[in-house]
Amino acid sequence: MTTPLSRRLTASALCFGVVPLTASGQPLDSDADAAEAVALNPLVVTATLAPRTADQSLASVTVIDEADLRRQDPTDITDVLRAQPGVDVTSNGGFGKTTSVYIRGAGSQSTPLLIDGIRLRSATAGSPSWQFLDPRMFDRVEVVRGPRGSLYGADAVGGVVQLFTPEGEGDPTPSITLGGGSFDTRRASASLSGAESGTRYYVAASRLESDGYEIVDGEGDKGYDNTTGLMRLSHTFTGGAELGVLGLRARGNTEFDAYGSPGDIGYVQQVAGIYGELPVTEAWSSRLTLSEARDEQETPVYGSVFDTRTRTARWENTLAFGRHELVAGAEYARDEVDSSTAFDEGSRDNTAVFTQALMDFSPLSVQASLRHDDNEAYGEETTGSLALGVALDETHTLRASYGTAFRAPTFNDLYYPDDGFYEGNPDLEAETSDTYELGIRGQMGRGFWDLAVYQSDIDDMITTVDTDGDGRVDTSENVDRARIRGVEVATGADVNDWTLRAALTYTDPENRETGNQLKRRATQSLRLDADRALGDWSLGGSFIAQNHRYDDDKNEDRLPGFGLVNLRAGWAFAPGWSTRVTLENVLDRDYETAGGYNSPGRAAYLSLSFGG
């Protein structure tokens with residue numbers, strides 16, 4: 001787990017000075033102005049393992065804060081990620097169906113998901129189960145685009161997504177929300193948070209049930225349910241030492257079509273961790289984290305069970321040298337698989353050491369990092385990155401970076417036993433990538449803009465192949481190369497009670513062996529978000545547009561592009577009480593992001609909340 005964000009932000013603010021300044025260097029006129037400036041140039045921790053403002057991070061970052069999440073009130077965490085700069089989302093239907101997140105054209109297995117610093121994924125499939133996470137359990141999302149292998153190890157090729165759970169503060173505060181809507185959907189959540197005498201706590205629970213809709217034509221509605229519990233507790237001792245624990249567990253059931261017959265998957269998603277942080281000296285802080293993440297899925301219609309568990313110990317040290325900072329540490333992780341499928345191997349260990357230097361030679365900033373991983377399954381990998389930033393003036397920062405990363409072969413890739421259809425390949429090597437990026441950010445009062453261009457070259461792509469020519473996939477091999485180029489533009493402003501954001505993305509994900517576009521990736525996307533506060537009311541909407549994509553490697557199955565309009569409104573009608581209505585896919589567009597799976601049509605949801 002990372003250090004609680006709010007305290008990191010407070011510490012950083014104290015380092016930068018007591019009086020908040022706009023990008024132009026002038027004092028802000030009010031607390032509201034200061035809040036707007038923070039929202040437009042937020043502090044992030046995922047990009048560098050240390051709090052830095054968006055422009056100081058020297059990375060392409062997107063922050064979706066608590067206000068954004070509460071305004072949009074999504075039923076799926078990926079609803080707020082879709083069409084953000086450099087981000088693409090595909091799904092085999094809504095409400096708990098298989099979902100993939102692509103960052104900068106890299107596959108879903110190349111997009112790590114962290115929850116308060118704990119990585120959650122399936123060790124057999126390799127990708128996170130995004131669809132089983134309730135967005136009401138989180139109050140912040142950070143998306144970092146570009147390779148981060150030197151900080152987070154395997155799979156951080158396209159970028160990293162980190163979800164943060166709330167931290168208690170102030171007097172004991174209860175809250176409860178009830179709601180429902182289309183597809184016979186019912187939702188309920190409750191929480192209690194607070195802080196006293198150095199102890200902070202947050203406990204929450206939620207329940208979602210939906211009868212779903214007809215995802216595959218002619219196969220009937222496919223339902224979904226999710227029950228999630230969250231507990232977060234920490235205490236700061238006299239002298240500054242801190243001890244904390246986190247536990248999040250989601251479980252439920254999702255229905256699907258099993259080749260013409262009804263099927264369902266029972267699942268569990270769980271992260272748990274304990275950390276201790278000690279200020280050894282005024283300039284040296286040391287932190288030890290022990291964590292466990294579980295991805296468990298059982299499919300009775302197939303008689304299959306895939307339970308994976310990752311246990312991690314991470315030791316991280318931060319040393320300050322005036323305006324410079326050094327981060328160094330070590331990490332040990334063990335993946336374990338308990339499955340009805342008799343994998344050739346049931347566990348693997350990974351040991352890593354890493355270091356990062358954050359140097360400020362104003363107006364020049366330099367960030368350099370290096371990590372070495374030693375995995376008993378696929379060998380050793382060394383990754384590194386170098387980023388340079390120049391403050392051109394008080395409002396513009398130019399950045400350039402180079403980074404390497406790798407995607408680890410999964411247990412399925414390596415160890416799946418020969419079942420007559422597919423067999424794992426224990427000789428697979430990890431995919432490797434090199435990425436170059438050039439970007440510039442403008443931070444002007446109550447507005448910002450960010451432009452980035454990049455190219456990623458991926459070697460030894462892991463691809464399923466037909467080795468005997470019978471038209472059927474037999475195994476996986478390192479055969480393909482890919483080149484992914486792109487341009488991302490993001491901008492926003494907070495003006496006269498308006499909150500405005502826009503993102504435009506162009507991606508060229510090409511398989512260099514065939515010249516074809518990598519499957520299921522759109523090449524163009526646009527997202528517009530606009531919200532306005534009107535006293536006790538708030539009104540807003542989002543427009544999301546993406547062009548066509550291909551559902552196959554040969555680029556023969558073309559899925560048309562689409563445009564979606566989502567609307568929302570909120571009303572604080574009494575002290576502590578509020579209601580919110582959201583209208584999704586208002587124009588009732590038919591579209592698919594994965595061939596053969598319908599996405600939800602027009603839907604309406606209403607919620608009533610007290611407290612918080």
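**Reading salt bridges and strands**

Modeller: Arg 207 and Glu 209 form a salt bridge, with their closest N and O atoms 3.0 Å apart. The model is predicted.

Colleague: How exposed are Arg 207 and Glu 209?

Modeller: Arg 207 is partly exposed, at a relative accessible area of 32%. Glu 209 is also partly exposed, at 27%.

Colleague: What is the general idea behind such a pair?

Modeller: Opposite charges on side chains can pair when the charged atoms come close. Here the count is 47 salt bridges.

Colleague: Are Arg 441 and Asp 450 buried or exposed?

Modeller: Both Arg 441 and Asp 450 are buried. Their side chains meet in a salt bridge, at 3.7 Å from N to O.

Colleague: Which parts of the chain does the pair of Asp 529 and Arg 568 link?

Modeller: That pair is a salt bridge between side chains, at 3.8 Å from N to O. It links distant parts of the chain, since Asp 529 lies in strand E27 (residues 524-534) and Arg 568 in strand E31 (residues 562-574), 39 residues apart. Asp 529 counts as buried because its relative accessibility is 10%, under the 20% cut-off. Arg 568 is buried too, with a relative accessible area of 8%.

Colleague: Now the strands. How do strands of a sheet pair?

Modeller: They pair through backbone hydrogen bonds, and the sense is either parallel or antiparallel.

Colleague: Where is Thr 90 found, and is Thr 90 buried or exposed?

Modeller: Thr 90 belongs to strand E4 (residues 87-91). Thr 90 counts as buried because its relative accessibility is 2%.

Colleague: With which residues is Thr 90 in contact, leaving aside neighbours within four places in sequence?

Modeller: Thr 90 is in contact with Thr 98, Thr 99, Ser 100 and Tyr 102, and also with Arg 520, Arg 549 and Thr 593.

Technical notes
Residues numbered from 1 in each chain as written. Predicted model: local features only at pLDDT ≥ 70, side-chain atom pairs only at ≥ 80, totals over all residues. Heavy atoms only, no water. Salt bridge = Lys/Arg side-chain N within 4 Å of Asp/Glu carboxyl O. Buried < 20%, exposed > 50% of the residue type's maximum accessible area, 1.4 Å probe, protein only. Helix = DSSP H or I, 4+ residues; strand = E, 2+ residues; numbered from the N terminus. Contact = heavy atoms within 4.5 Å.
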